[in-house]
Amino acid sequence: MYLVKVYVTYKESVLDPQGEAVKGAVHRLGYQDVSDIRIGKYFEIKVTPSNNQTQAAVAEEIEAICDKLLANVNMETYRYEMVQMEEAAL
C-alpha cells in the first residue's frame, strides 16, 4: 500500500487573493519580514495496488487523478510524495 501526499498551489503567475489577505493579516500582526504567502490544497490518498501493479503504474494513476480532478492545470501546479506503507501499520 502507498500513501500519496498531494500538494496543489496556484502557479506563480496567478494571483492568490487568499494568500494576499493572509499576508496582510500577518503584516498587521507585526511580522513585516514575511514577503509572500501562498494558499494551497493538501490531499492524502491511500492506494492499494493490484498484485502486478508497479510503483510507476501507481504514479501514473496519481498523475491522472491530479490532472483530471484535484488541480486546475491552467491555474495550479501540483507535486506529490509517494511513501510505501507497511501492512502492519494499517
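Predicted model: local features only at pLDDT ≥ 70, side-chain atom pairs only at ≥ 80, totals over all residues.

Residues are numbered from 1 along each chain as its sequence is written, and side-chain values use heavy atoms, with hydrogens and water left out.

The protein has two helices and three strands, where helices (H or I, at least four residues) and strands (E, at least two) are DSSP runs numbered from the N terminus. Their order from the N terminus is β-α-β-α-β. The radius of gyration is 17 Å, well over the 12 Å that the globule rule gives for 90 residues, so the protein is more spread out than a compact globule. That radius is taken over C-alpha atoms, and the rule is 2.2 Å times the number of residues to the power 0.38. The C-alpha trace spans about 55 × 30 × 15 Å along its principal axes.

Of the 90 residues, 27% count as buried, meaning under 20% relative accessible area, while exposed means over 50% (1.4 Å probe, protein chains only).

Let us turn to helix α2, residues 55-70, whose buried residues are V58, A59, I62, C66 and L70. These cover an arc of only 100 degrees around the axis, which puts them on the same side of α2; the arc is that of the directions from the helix axis to the C-beta atoms. The face turned away from that buried side carries the exposed residues E60 and K68.
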